[in-house]
2 protein chains.
Amino acid sequence: MGHQRDPRSPEQLREAGHAAVDWLADLLGRIDELPITAHVEPGAVRAALPDHPPEQPESFAQVLEDLDGIIVPGLTHWQHPGWFAFFPGNSSPPSVLGELLSAGLGVQGMSWATSPAATELESLVLDWLVELLGLPRTWRVDTGPGGGVILGTASEATHTSLVVAREQARARDAPTDDLVVYASVEAHSSVQKGARVAGFHHVRLLATTPDGGLDPAALAAAIAVDRAQGLVPTALVSCVGTTGRGALDPLDQLVPIARSEGLWHHVDAAWAGTMWICPELRHHTEVLGSVDSWVTNPHKYLFTNVDCTAFWVADRRPLLDAMSITPSYLRNETTDRDDVIDYRDWHVGLGRRFRSLKLWLVLRMFGAEQMRTILREHVRLARDLADRIEQHAGLELMGPSHWPLVCFRAVAGDDRTRAIAAAVNASESLAVTVAEDVDGHPYVRVSIGQANTGQADVDRLWAAITAA
Amino acid sequence: MGHQRDPRSPEQLREAGHAAVDWLADLLGRIDELPITAHVEPGAVRAALPDHPPEQPESFAQVLEDLDGIIVPGLTHWQHPGWFAFFPGNSSPPSVLGELLSAGLGVQGMSWATSPAATELESLVLDWLVELLGLPRTWRVDTGPGGGVILGTASEATHTSLVVAREQARARDAPTDDLVVYASVEAHSSVQKGARVAGFHHVRLLATTPDGGLDPAALAAAIAVDRAQGLVPTALVSCVGTTGRGALDPLDQLVPIARSEGLWHHVDAAWAGTMWICPELRHHTEVLGSVDSWVTNPHKYLFTNVDCTAFWVADRRPLLDAMSITPSYLRNETTDRDDVIDYRDWHVGLGRRFRSLKLWLVLRMFGAEQMRTILREHVRLARDLADRIEQHAGLELMGPSHWPLVCFRAVAGDDRTRAIAAAVNASESLAVTVAEDVDGHPYVRVSIGQANTGQADVDRLWAAITAA
């Protein structure tokens with residue numbers, strides 16, 4: 001192996017860093033030639049690697065060899081332009097650079113005082129997003145009383161929000177085991193999970209209207225039944241863009257119910273929310289001033305690699321009441337200042353990395369106009385695909401979507417639907433998801449939004465669908 | 001600004017990536033010349049940046065200019081060799097490379113199927129750590145029934161563990177509001193926070209013996225009182241290396257109590273746990289087979305940048321019971337296979353980045369022997385500093401520590417103690433923490449462990465202490 005550098009040395013970073021950048025740029029330059037889905041049996045990747053950790057240092061060249069030979073063939077490539085599965089998990093060069101810089105700077109922003117710029121840049125970029133997404137001005141940190149914070153996943157945001165709702169109910173002496181959370185049956189699984197983790201015994205997954213939005217009448221009825229049984233309606237999670245088929249809960253009708261019933265109202269816009277950078281893709285913004293929290297994932301469409309979730313509360317006080325504990329070793333001159341944010345009081349974790357850096361680089365190096373252009377092209381591609389499906393005698397579109405998600409099934413039935421998806425996924429250069437509707441019938445779910453996906457990729461997809 | 005590259009292009013990554021690597025290597029090469037603590041007023045960093053997001057793209061050169069001019073002066077440098085504050089938050093070139101590769105690959109490992117290698121490498125490196133740290137073999141994923149997972153912070157691990165404890169108690173029909181958690185008064189604030197977030201109404205922070213370890217008699221007595229009042233003792237969090245002064249709970253005496261009382265037993269080794277790569281720095285390993293979960297942070301001493309927390313459970317079944325929900329769009333061929341891990345079922349979040357990559361690079365590019373050598377040198381430096389303090393007439397050492405944490409105060413009293421810390425921190429090249437003991441008296445807390453800290457840095461620290 002020859003001479004080994006001290007792995008702590010900046011020169012090690014310089015030397016191997018250049019090699020890593022070239023390796024990555026080369027890989028991303030030919031990612032459309034790689035099989036999009038890993039073809040490995042469970043255990044195969046692990047079996048190819050040493051069972052014991054090395055006693056002696058190895059070189060970065062050896063690491064790259066194993067990346068090429070073992071790791072990359074075991075990955076499913078979310079950055080492939082043929083990625084129509086789940087949701088996009090877009091990375092981009094600006095985001096990668098931000099992650100690199102964050103790791104290298106190695107600061108820890110648990111408190112303002114432990115690295116002021118980490119906190120202030122986070123507040124700034126989230127305030128920028130408030131502006132870009134058309135959210136209420138009162139959610140800006142600088143104008144308050146609300147504010148935003150970066151979390152790891154939308155699931156964490158929903159969980160956090162439900163913890164705040166629970167604490168508010170308990171402050172009014174409601175027994176924990178009597179608290180109830182409401183959402184639609186098409187809400188994301190993170191609602192059920194977040195509610196369970198937050199300790200709610202009762203989660204009502206309510207009926208939707210045919211378009212997939214939570215039925216306000218069902219909500220009102222469920223609340224009445226629960227109250228009659230002595231339970232305590234506590235929180236509503238409504239959804240802007242359901243995972244299954246991109247449905248929209250009728251916030252204009254839900255907000256008045258949540259307000260009059262005193263429910264904490266969290267809005268899950270994990271997927272669709274970042275598309276609000278385009279004004280024509282926003283919905284029900286007129287009632288947003290009356291919800292309590294809202295989440296979206298820049299790590300889906302917005303060119304920022306996982307993990308980067310943007311979570312806002314309309315009023316930061318209840319969140320801080322639930323999450324803030326300050327022992328002596330974390331107290332400092334600025335801890336009790338109102339004009340200083342200590343983000344450790346905004347979430348479960350304490351330590352936190354400098355995640356705003358990558359979002360800052362994305363917003364600057366793309367610029368808002370270019371981001372809108374890319375998203376609008378994906379919306380156009382989705383409408384184009386939906387049109388083709390609608391005109392095809394053998395396929396059935398599952399209702400319109402407000403965003404670039406296209407769901408369809410075969411007229412011939414479930415087996416044919418599954419066969420189409422299987423054929424597409426067998427192509428090695430396309431990936432779609434099979435989901436099931438509430439009655440258990442499968443459908444093919446095509447999410448258009450990988451940063452580099454273009455007309456040619458959708459054409460390939462269409463060719464594969466019609467061939468199947 | 002001239003020609004702008006498409007920010008999605010691999011060539012953008014190549015060009016700006018090389019510039020970023022050089023910028024970082026240059027900065028880290030002169031980090032000991034930077035003021036270790038940021039000297040900025042609250043709001044100053046933000047005020048220097050544009051209040052609105054850019055419509056048009058900016059170049060990476062412009063970003064670097066702002067990093068140099070605005071961001072870096074606003075950071076407190078955890079990678080400075082004079083860093084003796086809080087705990088080390090070590091980054092290292094191998095870790096930075098791993099973070100870079102993870103961001104660039106941009107895969108999302110929520111399920112095994114969504115990128116098999118991401119899951120299998122995570123299991124492997126955590127099994128490697130089981131071996132390196134001398135943990136029970138049954139905690140390895142491959143031999144089970146336990147297993148490890150990477151989380152973001154130890155706080156999340158403690159919270160997760162307490163959620164599992166709560167769910168087990170509720171499965172036996174205990175009312176949530178009657179459940180009790182026990183820990184010592186010197187336990188980390190994350191115990192109190194995690195218990196609150198998990199919905200526990202009752203947290204008993206119990207007395208310690210003079211050496212700072214949880215007093216087993218106090219635990220037994222508290223449990224008896226709670227049972228007499230009809231409450232339900234549910235979980236014990238014991239500590240290997242308290243945050244305040246590096247104390248050790250007597251696990252050998254606590255384990256039998258927890259077992260006979262049916263408590264879920266979580267061990268917080270967030271800080272000291274990674275030092276177990278040196279066998280002589282381990283404690284009470286003989287009873288570890290009887291605890292339920294254990295956490296340590298490679299993102300403290302172990303050269304892996306924040307965030308990287310390693311969390312193990314002795315039996316993964318109760319964790320999965322608490323955290324697993326599988327909607328149709330997440331179900332796939334391998335979801336129900338026993339030999340396949342879907343890490344989304346191990347924590348609150350769903351989406352997850354490829355965090356094992358950086359830990360893998362660290363373990364390979366350092367090698368176990370070199371990591372032990374560095375840690376042993378830090379232990380030696382801590383003992384050396386403790387000796388000097390002990391022999392100094394004006395200073396008083398606050399008991400021995402098992403690990404490289406040195407706590408002391410001025411014999412002349414609280415004001416002098418605070419003055420010493422203030423003088424050290426005013427040096428611009430050293431940082432220590434002032435903490436308070438349970439009686440509210442301050443002491444200076446010196447944590448030795450920044451990856452590049454050496455004898456010369458400790459000598460500088462000693463000179464600053466004695467000068468003050």
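**Helix packing and a sheet in a predicted model**

Me: In this predicted model, at what angle do helix α8 (residues 216-228) and helix α9 (residues 251-261) of chain B pack, and are they roughly parallel or roughly perpendicular?
Reply: Happy to walk through it! The axes of α8(B) and α9(B) are 10 Å apart, and the packing angle is about 15°. Angles under 35 degrees count as roughly parallel. The two helices are therefore roughly parallel to each other.

Me: Which residues of α9(B) make that contact?
Reply: On the α8(B) side, the contact is made by Pro216(B), Leu219(B), Ala220(B) and Ile223(B). Taken by class, the contact residues are six nonpolar, one polar and one charged. The α9(B) side supplies Gln253(B), Leu254(B), Ile257(B) and Glu261(B).

Me: Which strands are at the edges of the open four-stranded sheet in chain A?
Reply: The strand order is β8-β9-β11-β10, with antiparallel pairing. An edge strand pairs on one side only. Those strands are β8 (395-397) and β10 (433-436) of chain A.

Me: What is the bridge partner of Val406(A) in β11(A)?
Reply: Strand β9 (residues 405-410) of chain A pairs with β11 (residues 442-447) of chain A in the antiparallel sense, over four bridges. In β11(A), the partner of Val406(A) is Val446(A).

Technical notes: Residues numbered from 1 in each chain as written. Chains lettered and ligands numbered in written order. Predicted model: local features only at pLDDT ≥ 70, side-chain atom pairs only at ≥ 80, totals over all residues. Axes fitted to C-alpha atoms, helices over the stretch in contact; angles between N-to-C directions. Parallel < 35°, antiparallel > 145°, perpendicular 65-115°, else oblique. Contact = placed C-beta atoms within 7 Å. Nonpolar A, V, L, I, M, F, W, Y, C, P; charged D, E, K, R; others polar. Pairing = 2+ DSSP bridges.
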